[in-house]
Amino acid sequence: QVHLVESGGGSVQAGGSLRLSCVASLYLNTYCMGWFRQAPGKEREAVAAISTGDASTYYTNSVKGRFTISQDTAKRTVYLQMDSLKPDDTAVYYCATDVVPCTSWGWFVVGSFGSWGQGTQVTVSS
């Protein structure tokens with residue numbers, strides 16, 4: 001229903017920065033947009049999320065202070081600015097949408113997000 005396209009991934013040295021973008025075909029029934037990541041052999045984990053209505057943001061502890069999620073509603077785009085990147089940040093990053101607003105207690109639930117992008121690879125070398 002909602003098509004998502006991520007871009008901005010690449011290879012950087014530790015301490016570098018990248019900015020990921022996710023363009024959504026529609027904001028209809030997209031009250032929460034999140035970024036997730038998955039490394040080979042690892043579980044997919046939530047990274048950050050933003051409520052499309054009031055722009056409330058949420059972050060997993062490992063990226064607080066380094067990553068910033070933001071949106072441009074006119075462009076139907078969500079961004080993830082990643083600074084001070086570490087090798088542990090290496091993963092495929094996905095954006096996803098939820099039909100209910102983000103909350104502090106539920107934004108990180110992978111199963112609640114119904115639409116997913118194809119992913120973009122982020123590789124951080126030491």
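Over the ring of which residue does the charged end of R44 sit?

1. In this predicted model, the charged end of R44 sits over the ring of W116, at 4.7 Å from the ring centre.

2. Five aromatic pairs are found in the structure. One of them joins F36 and W116 in a tilted arrangement, with 4.9 Å from centre to centre and 55 degrees between the planes. Because F36 belongs to strand β4 (residues 32-38) and W116 to strand β10 (residues 113-116), this pair ties together parts that lie 80 residues apart in sequence.

3. The two partners can also be described by their accessibility: F36 counts as buried, at 1% relative accessibility, whereas W116 is partly exposed, with a relative accessible area of 26%. Ring pairs link F36 and W116 with F113 into a cluster.

4. The largest nonpolar core comprises 24 residues, and those with the most contacts inside it are W35, V47, F67, L80, M82 and Y93. Among the elements that give two or more residues to this core are β3 (18-24), β4, β7 (67-72) and β8 (77-82), and β3 gives the most, with four residues.

5. For F67, when neighbours within four places in sequence are left aside, the contacts include V47, L80, M82 and Y93, and also R37, D83 and D89.

Methods: Residues are numbered from 1 along each chain as its sequence is written. This is a predicted model: local features need pLDDT of at least 70, side-chain atom pairs count only at pLDDT 80 or more; totals for chains, interfaces and linings use all residues. Side-chain values use heavy atoms; hydrogens and water are left out. Rings of Phe, Tyr and Trp (its six-membered ring) pair if their centres lie within 6.5 Å; planes under 30 degrees apart count as stacked, over 60 as edge-to-face and the rest as tilted. Buried means under 20% relative accessible area, exposed over 50%, partly exposed in between (1.4 Å probe, protein chains only). A charge sits over a ring if NZ of Lys or CZ of Arg is within 6 Å of the ring centre and within 35 degrees of the ring normal. A nonpolar core is a set of buried Ala, Val, Leu, Ile, Met, Phe, Trp, Tyr and Cys residues joined through side-chain atoms within 4.5 Å. Contact means heavy atoms within 4.5 Å.
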